[in-house]
Amino acid sequence: MAKSLRSKWKRKMRAEKRKKNAPKELSRLKSILKVNGDVLMKDVEEIATVMAPKHCQEKMDCVEKNENDDMKMETEIKRNKKTLLDQHGQYPVWMNQRQRKRLKAKREKGKGKNKAKAAKGLAW
C-alpha cells in the first residue's frame, strides 16, 4: 500500500537525508577507490561528480544543446483520453487498482451494446 501520510513523510525525509549525505558518500567512495588503486579515477568521475551549482548549470546547458541537435527521442506517450490507456494498453502509474477495475468494467459494458440482443421467447 504505502500511501499513508506516515509513509509519505518517511519517504520525503529519506530523500532529504540522501541529498544531505551525498557529498560525504561520494568522497568516501573516492577514498576507497584510491586505496584499492585498481580503478581509474577518470572512470569514477564519469559516473558520479559533485560540482558547485554554477558549474553544473553551465555543463547541463551544453549537454541539452547537444542532445537537441543530435537526436530527438519520442518521450510522449500517446494516451486515449476517454479510457486513459496508452498505446500499449497500460494505465497511468498514478491510477489505483479500483479505478482501473471501474474503467475496465465500463469498457466491457460498452462492448456489449454493439451485439444484437437475442429474441425473447419463441421466434415464429
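Where is Asp86 found? Asp86 sits in the loop between helix H3 (53-70) and helix H4 (97-113). The model is predicted: local features need pLDDT of at least 70, side-chain atom pairs count only at pLDDT 80 or more, and totals for chains, interfaces and linings use all residues. Residues are numbered from 1 along each chain as its sequence is written, and side-chain values use heavy atoms, with hydrogens and water left out.

The chain holds four helices and zero strands (DSSP runs, H or I of at least four residues for helices, E of at least two for strands, numbered from the N terminus). Of its 124 residues, 7% are buried (under 20% relative accessible area, 1.4 Å probe, protein chains only). Among contacts (heavy atoms within 4.5 Å) between residues at least 6 apart in sequence, 8% join residues at least 24 apart.

Asp86 is buried but has no salt bridge (a side-chain nitrogen of Lys or Arg within 4 Å of a carboxyl oxygen of Asp or Glu). The nearest side chain of opposite charge, Arg79, is 4.5 Å away. A polar atom of the Asp86 side chain lies 2.6 Å from the backbone nitrogen of Gln90. Beyond neighbours within four places in sequence, Asp86 contacts Ile77, Lys78 and Arg79.

Thr83 also lies in the loop between H3 and H4. Thr83 counts as buried because its relative accessibility is 16%. Its side chain makes a polar contact of 3.4 Å with that of Asn80 (N or O atoms within 3.5 Å, one able to donate a hydrogen and the other to accept it; residues adjacent in sequence count only if both atoms are side-chain atoms). Not counting residues up to four places away in sequence, Thr83 touches Tyr91, Leu103 and Arg107.

Terms used
Buried means under 20% relative accessible area, exposed over 50%, partly exposed in between (1.4 Å probe, protein chains only). Lys and Arg count as positive and Asp and Glu as negative; His and the chain ends are not counted.
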